[in-house]
Amino acid sequence: MAGQQFQYDDSGNTFFYFLTSFVGLIVIPATYYLWPRDQNAEQLRLKSLRRVHGRCLWYRLRLMKSQQSIVPTLKKAALLFGWVVFLLLAYKVSKLDREYQEYNPYEVLHLDPGATTSEIKKQYHLLSKKFHPDKGGDEAAFMMITKAYAALTNEQTKKNWELYGDPDGPRATNFGIALPAWIVDQKNSMLVLLVYGLAFMVILPVVVGTWWYRSIRYSGDQILINTTQLFMHFMYKTPNMNMKRLAMVLTAAFEFDPRSNKEATIRPTDNIEVPQLIRELGNINVKKKEPPFCYPYSLKARVLVLAHLSRMEISEDLEEEELQPACRVYGVSLNVCVCVGFHAPRLVSIENCMKLTQMIVQGLQETKSPLLQLPHFDEEHLRYCVSKKYKVRSLQDLVSLKDSERRSMLRFLVEEKYDEVISVLGSFPHIAMETKLQVLDDEDSNNITAGSIVTVTVTLTRKRMAVRRLQIPSPDVFRVSLQADASKAKTKVWQNNKKQATKKSKKKKLTKKKAPAAAATVAAAAATQANGSVAGGDAVAVPKEDDEEGSDKGSESDEAEANKDSPSERDEESDKQSDTEVDEIAGDDEEEWEALQQSIQRREKALLETKSKVTHPVYSLYYPDEKQEWWWLYIADRRDQALVSMPYHVCTLKDTEEVELKFPAPSKTGNYQYSVILRSDSYLGLDQIKPLKLEVHEAKAVLDNHPQWDIPETEEEDEEQEDSDGIEESEDDDEDND
């Protein structure tokens with residue numbers, strides 16, 4: 001019986017195969033994901049943004065970092081070194097001899113498979129003369145030739161070779177371990193144990209523990225759990241927060257504490273710069289005793305954020321240190337606002353969080369004019385805009401002006417600066433918002449009942465402000481408008497006649513509904529005598545040729561009302577009405593079914609499709625990091641100051657985006673007035689509010705016994721009879737076959 005034998009790789013060949021595979025599994029994916037992208041593409045992107053964003057702080061910092069950064073060079077060097085090692089190992093493996101080869105006596109004797117016995121003997125004699133040790137040949141080669149000759153001529157050895165692949169019979173199975181011999185050498189045993197102990201008992205637990213400790217400290221938004229709990233506490237404590245209180249809460253986040261965040265450092269110059277900023281800002285509640293607002297890190301963060309909003313001169317290191325955490329934690333404050341349960345904050349607190357983000361990105365206070373977001377605009381220049389002649393108080397007012405009026409108003413700007421202002425203004429977004437109200441997964445999607453789930457589909461289309469500028473129409477536009485006016489003039493006569501006819505028919509119907517039944521029957525009898533005959537109880541109306549239009553409809557309505565007592569006409573009318581109702585219901589069902597299928601397809605596509613959050617860079621003069629245009633979309637009851645739907649963060653609005661907002665309808669019937677609100681998280685003065693009227697009806701009663709659920713007994717008996725007949729027929733067929 002064959003045995004088993006374990007042996008290490010004394011030559012180290014097997015270990016090179018393992019090492020080559022291991023290095024390849026690391027180098028190939030790392031090159032795909034970590035290889036620096038083309039720096040020229042980033043330079044070209046920044047160059048294309050220079051005309052509009054050239055004065056932005058984030059643009060200047062990004063331009064400096066892209067020129068001075070050596071990280072891409074280091075990444076390339078490390079990846080190239082990995083590829084050199086991988087190629088050297090592959091070359092080493094390719095030069096290794098094959099140690100495990102299948103034994104073939106024909107190859108040893110240099111014969112083709114299937115050679116005859118005489119050919120084998122002849123070849124053996126030739127090779128033995130050449131490799132015999134007595135004649136100066138190779139002894140090892142002669143032993144292999146002798147063994148191969150025996151394997152092909154001796155019946156027992158040939159049988160062993162055919163069965164076991166070796167002329168000597170079954171051998172012990174060898175298992176090689178892909179480790180070099182020096183690792184398992186007894187002399188190096190202590191060193192190997194020491195390395196294993198450090199790797200698996202010290203380094204690995206430390207790495208796993210560090211990762212676990214960090215994961216339990218941070219939330220899914222990469223915000224400290226302690227910060228979330230802090231916001232939760234203050235939201236419960238003061239649901240109605242003004243802007244000043246909210247700024248204090250946000251700057252008390254643990255991201256600003258050096259003990260919790262290593263990026264937040266304390267500099268020796270803070271003792272000089274921070275008190276100076278406090279004196280310039282004035283009243284910022286420095287002596288407040290409530291923790292954590294009285295802690296030094298919270299006071300420093302609050303001072304720097306307020307100084308940024310006042311556009312005071314701050315060192316770039318301090319500004320970048322405090323503003324980036326401030327904009328990271330605002331999202332958590334919004335999530336906390338809408339998820340604190342029964343003690344949910346007022347709508348003003350949620351909207352103040354959104355406004356505070358706009359203020360931080362643009363470096364403006366809430367009371368300042370949105371025009372200060374533009375370059376070359378100062379407080380002293382606003383008096384030209386708010387004068388009685390122009391009354392420009394918003395970006396939309398500035399866009400709506402004619403070019404001549406705008407240039408006259410901005411006469412304090414030279415031509416170059418004026419062109420820059422127009423370019424920046426043209427890059428600002430203008431969002432067209434359309435809403436559609438419906439109840440999905442219901443028979444009547446347009447009927448909103450108490451307690452039903454209402455779906456508001458909001459379609460957002462982003463355009464540039466430059467599209468909305470007033471332009472002089474081209475001659476083609478004038479030509480089209482003149483043709484439209486001519487067509488209206490041609491069709492004016494018959495359109496007026498049609499309108500008059502519809503008005504007359506409506507007046508006739510109203511007067512006939514108010515007339516007594518006796519008068520209607522007399523008029524109908526006179527009409528039937530003059531226009532036709534009555535046979536078999538069925539009225540056949542023959543239309544008269546009147547000068548007045550719409551007389552056909554009037555005569556038909558008269559006869560229908562006059563003969564309403566006759567059962568035949570009543571049956572015909574009911575049949576026609578039922579047919580039209582069935583057609584209308586069928587058409588409505590098809591439309592609702594198509595709309596439902598389209599909504600399902602949109603949902604599936606949205607789930608499978610991953611959109612980029614890179615939309616359009618925000619123009620921000622004083623923000624140190626590049627910010628993308630994102631929006632907040634929600635439904636609110638501004639009368640009760642409460643949220644109706646959860647705020648949805650629209651992060652993928654590049655051209656067009658469709659968002660579904662869901663909320664439960666009120667439990668009481670009546671008319672409700674809500675508002676669909678779209679707020680920017682980057683710009684001031686671009687928010688939109690669209691009214692949403694909601695008419696809630698009483699919910700339909702639940703049917704205990706629906707007609708579709710009742711199966712008549714006759715149908716069950718028929719089915720049972722058919723089943724029994726089928727069984728009997730199958731039995732008869734079996735008997736016939738037998």
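Trainee: Which residues does K355 touch, not counting residues up to four places away in sequence?

Mentor: Contact here means heavy atoms within 4.5 Å. By that rule K355 touches M243, E366 and R679. One word on the source: this is a predicted model, in which local features need pLDDT of at least 70 and side-chain atom pairs count only at pLDDT 80 or more, while totals for chains, interfaces and linings use all residues. Residues are numbered from 1 along each chain as its sequence is written, and side-chain values use heavy atoms, with hydrogens and water left out.

Trainee: Thanks! Where is K355 placed, and is K355 buried, exposed or partly exposed?

Mentor: Helices (H or I, at least four residues) and strands (E, at least two) are DSSP runs, numbered from the N terminus. K355 sits in helix α15. For accessibility, buried means under 20% relative accessible area, exposed over 50%, and partly exposed in between, with a 1.4 Å probe and protein chains only. K355 has a relative accessible area of 22%, so K355 is partly exposed. Also look at K355 and S682: they are 327 residues apart in sequence, and 8.9 Å apart in space, C-alpha to C-alpha.

Trainee: How do I read the way α11 and α15 cross?

Mentor: Start with the axes, which are lines fitted to C-alpha atoms, for helices over the stretch in contact; angles run from 0 to 180 degrees between N-to-C directions. Under 35 degrees counts as roughly parallel, over 145 as roughly antiparallel, 65 to 115 as roughly perpendicular, and the rest as oblique. Here the axes of α11 (residues 243-250) and α15 (residues 347-362) come within 10 Å and cross at roughly 70 degrees. The two helices are therefore roughly perpendicular to each other.

Trainee: Which residues of α11 and α15 meet?

Mentor: From α11 come M243, L246, A247 and L250, and they meet S349, N352, C353, K355, L356 and M359 in α15. To sort them, count Ala, Val, Leu, Ile, Met, Phe, Trp, Tyr, Cys and Pro as nonpolar, Asp, Glu, Lys and Arg as charged, and the others, Gly among them, as polar. This contact divides into 7 nonpolar, 2 polar and 1 charged. A handy idea for reading such lists: an α-helix has 3.6 residues a turn, so residues three or four places apart point the same way.

Trainee: How many residues of α11 are buried?

Mentor: In α11, 7 of 8 residues are buried, so the helix is mostly covered. The buried ones are M243, R245, L246, A247, M248, V249 and L250.

Trainee: At what angle do α12 and α13 cross?

Mentor: The axes of α12 (residues 270-281) and α13 (residues 296-309) come within 10 Å and cross at roughly 55 degrees. These helices are therefore oblique to each other. On α12 the contact uses D270, V274, L277, I278 and L281, and on α13 it uses L299, K300, V303, L304, L306 and A307. Those residues divide into 9 nonpolar, no polar and 2 charged.

Trainee: What is the peptide bond from P291 to P292?

Mentor: That bond is cis, with omega near 0 degrees. P292 is in the loop between α12 and α13.

Trainee: Where is E626, and which residues does E626 touch?

Mentor: E626 is in the loop between α24 (567-608) and β8 (631-637). Not counting residues up to four places away in sequence, E626 touches R45, W58, R62 and P617. At 16% relative accessibility, E626 counts as buried.
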